[in-house]
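User: I'm new to this structure and would like to learn how to read it. Could you walk me through it feature by feature?

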Amino acid sequence: MRAALLEKSQQPLVLAEDIRHEDPRPGEVAVRVSHCGICHSDLTMIDTPGGGQAPCVLGHEAAGIVAEVGASVTGLAKGDKVMLTPIPTCGACYYCVRGQASLCVTGQNFMTGLRADGTSPLSRGGERVFQGFGLGGWGEYAVVDARRAVKIDPDTPLDIACVIGCAIQTGVGAVLNTAKVEEGATVLVMGLGGIGISIVQGARLANAARIIVSDPVAERRDYAANFGATDVLDPTQVDVVAKAIELTGGIGVDYAFDGAGNSKLIQDGINACRIGGTMTMVGAAMQPLEMPIPALFLTHEKKLQGCLLGSCNGHRDIPRFLALWRKGALDLESMISHRRPIADVNAGLDDMRAGRGLRTVLEL
Ligand SMILES: NC(=O)c1ccc[n+]([C@@H]2O[C@H](COP(=O)([O-])OP(=O)(O)OC[C@H]3O[C@@H](n4cnc5c(N)ncnc54)[C@H](O)[C@@H]3O)[C@@H](O)[C@H]2O)c1
Ligand SMILES: [Zn+2]
Ligand SMILES: [Zn+2]
């Protein structure tokens, strides 16, 4: 099959025509991917020196049609339209039964790019090829754990729906599932890419009273204003923490979110939160977090929490977000600024590096 292949970190991807995929094993499905978005987590895998997983087919925001069903798979048939979610959920493990499906044991190896037994369904010339985030959506076929595939209505447009896979699940989920923002709350979102804009959409869905946002890129700030931000800040011009406190009457925000992956912003978020407020880390900060925890953190009952894929259970949340899109409460169309054929994946990655547009969807 054809796929965009990362041969070595810090190099442009190549369009390879000679990737082989296995038939699905028991419990797996092969999906003919039709569309897949570009997320900053893919870019991090490419741009990080010695990034580890190569050769690798990246892409984890994908949708397509079931092409083949492995033995013992129930509820999916050839020809079904599906969304693929980066975290499969089994419904039965320690985490799933406690309602923490994004931590499911079946998903805990999603960063290895391999099956739990260390194999991969992908190869090239006999060499093992990694499947980025266990998915590999920038290839024509994704052979995945069937629990990653969520069947959706046949009339769902896959070119639009695919952005739910990572951006919407992560951002909207961060607000509704992880932070559980309540009506009338005040929210600060720092970093306004596909993830941050989805956090803004989640805050609007939660009926937050104030949605304060910041991003150094003017175009991203304009997007946020159109998606419902109430106060738009340029962090190169204003002190975001001081301004957020001022805009909330000297109190601080109820909820802060980092949508950029930056340890300075995590500290800013804690400081911008009111006493009793909650800071949620959504961006993937690559540096270790080293910050003094002030004694007042305790008496102020502030909270700092992580967030994986918006604490989503794809089988619950993908249909939920599609339903919200159908009733007009969630805007997917405006998230997609560029559509490109898979052959132009490097141009899409360059757009993300430069902060141009918002989300690129690749057509396979
Ligand atoms: N937690 C999860 O499960 C999860 C899931 C997907 C992505 N991520 C991570 O989320 C982050 C964002 O992903 P994306 O696809 O939206 O990326 P993106 O590149 O499209 O957007 C990031 C935005 O952050 C802005 N930014 C950079 N420095 C800033 C600062 N100091 N203050 C405010 N804004 C700043 C950039 O200008 C850009 O607009 C990445 O780190 C990605 O790896 C996490
Ligand atoms: Zn992602
Ligand atoms: Zn589980």
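This is a predicted model: local features need pLDDT of at least 70, side-chain atom pairs count only at pLDDT 80 or more; totals for chains, interfaces and linings use all residues.

User: How do I read a list of buried positions in a helix?

Analyst: The general idea is that an α-helix has 3.6 residues a turn, so residues three or four places apart point the same way. In H7, look for that spacing among buried residues such as Leu265, Asp268, Gly269 and Ala272.

User: What covers the buried residues of H7?

Analyst: Several elements do, including strands S12 (186-190), S15 (253-258), S16 (273-281) and S17 (303-305), along with helix H6 (240-247).

User: Let's zoom out. How many helices and strands are there in the protein chain?

Analyst: Ten helices and 19 strands. The chain's radius of gyration is 20 Å, close to the 21 Å that the globule rule gives for 364 residues, so the chain is as compact as a globular protein of that length. Buried residues make up 51% of the 364.

User: How is the protein chain divided into domains?

Analyst: Into two pieces: domain 1 (3-151 + 332-363) and domain 2 (170-308). Their centres, taken over C-alpha atoms, are 28 Å apart. Each domain puts eleven residues into the contact. On the domain 1 side, H1 supplies the largest share, three residues, and that side divides into four nonpolar, six polar and one charged.

User: And which residues have the most contacts inside the largest nonpolar core?

Analyst: Val31, Val57, Leu84, Val187, Leu188, Val189 and Val200, in a core of 112 residues. Helix H3 (residues 167-179) gives the most to this core, with seven residues. Take Val57 as a case: leaving aside neighbours within four places in sequence, its contacts include Ala3, Leu5, Ile19, Leu122, Val129 and Trp138.

User: Now the ligand. Which residues are closest to ligand 1?

Analyst: His40, Gly191, Gly193, Ile195 and Gly261 are the closest of the 32 residues that surround ligand 1. Helix H1 (40-47) and helix H4 (194-205) are the elements that give two or more residues to this shell. By type, the shell has 16 nonpolar, 14 polar and two charged residues.

User: Why does ligand 1 lie between the domains?

Analyst: Because domain 1 and domain 2 both give residues to the shell around ligand 1.

Conventions: Residues are numbered from 1 along each chain as its sequence is written. Chains are lettered from A and ligands numbered from 1 in the order in which they are written. A residue is near a molecule or strand if its C-beta atom, placed from the backbone, lies within 6 Å of it. Helices (H or I, at least four residues) and strands (E, at least two) are DSSP runs, numbered from the N terminus. Ala, Val, Leu, Ile, Met, Phe, Trp, Tyr, Cys and Pro count as nonpolar, Asp, Glu, Lys and Arg as charged, and the others, Gly among them, as polar. Domain bounds come from an automatic or database domain assignment. A residue is buried if 20 or more other C-beta atoms lie within 10 Å of its own, exposed if 12 or fewer, and partly exposed in between; C-beta atoms are placed from the backbone. Two residues are in contact if their C-beta atoms, placed from the backbone, lie within 7 Å. A nonpolar core is a set of buried Ala, Val, Leu, Ile, Met, Phe, Trp, Tyr and Cys residues joined through C-beta atoms within 7 Å. The radius of gyration is taken over C-alpha atoms; the globule rule is 2.2 Å times the number of residues to the power 0.38.
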